[in-house]
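Good morning, and thank you for joining.

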Amino acid sequence: MKKSILVIVCLFFSLFSYAQKFSFSTNFVDYINLGTLNFEASYALSRHFTIDSGVKYNPFSFGNKKKRMQNKQQTYYVGTKFWPWYVYSGWWFSSDIRYQEYSKGGICCPKTTEGDRFGIGLGAGYSYMLTTHLNITFGFSIWTGYDKFKRYDCPVCGITLVKGRRLFFLPEDIIISLVYVF
């Protein structure tokens, strides 16, 4: 009887628990982009698929009122990754749905653009296992969608130059991430 219970308990835990099911990561390249804070969480659905969701947030402005630089944003996304070999190791291909509210300007010229973007993204990369629980990931992603925007003459004056809607196609992420897998 004791052996039967032990076998059932072992089978239960082997069916519902396996290593490397969750991960959390942060992309170092986003911090270079005027201090954009970012976080991504991932869950392994099977041996080859993960579901991912993430957020990017940048509330920072640099400089004075006449020469202000900013790339303010809040971006939210949810998507999936396909891992040909095994989750959290080797090559991966991704797709996601994104929303972004942004205000950028003063970087190359004093004009400021702000608006809302909705779209889909595609990406690819490679995840290298450093230790059992720590990976470094390299990748690149692009996204396309719909942009509703306003362009202003300067970051603080508020004089509207252009207002409109358009389709866009942009690079979204250059990825050099540190990933903790557990």
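**Pockets and cavity**

The largest pocket has a volume of about 400 Å³. The model is a predicted one: local features need pLDDT of at least 70, side-chain atom pairs count only at pLDDT 80 or more, and totals for chains, interfaces and linings use all residues. Residues are numbered from 1 along each chain as its sequence is written, and side-chain values use heavy atoms, without hydrogens or water.

On a 1 Å grid over the protein atoms alone, a pocket is an open set of points with protein on both sides within 12 Å along at least five of seven lines, a cavity is a set where a 1.4 Å probe fits but cannot get out, and lining residues have an atom within 4 Å of a point. Points are joined across faces, edges and corners, and a volume is the space filled by probe spheres set on them.

In the largest pocket, β9 (160-181) provides the largest share of the lining, five residues. Strands are DSSP runs of E, at least two residues long, numbered from the N terminus.

The second largest pocket has a volume of about 300 Å³. Of its 18 lining residues, E101, Y102, E114, G115 and D116 are closest to the centre.

How many cavities of 30 Å³ or more are there? The count comes to one, and about 380 Å³ of space lies in the largest cavity. Its lining has 31 residues, with S25, E40, Y77, K81 and I175 nearest the centre. The strand β6 (90-105) gives the most to this lining, five residues.

Methods: Helix = DSSP H or I, 4+ residues; strand = E, 2+ residues; numbered from the N terminus.
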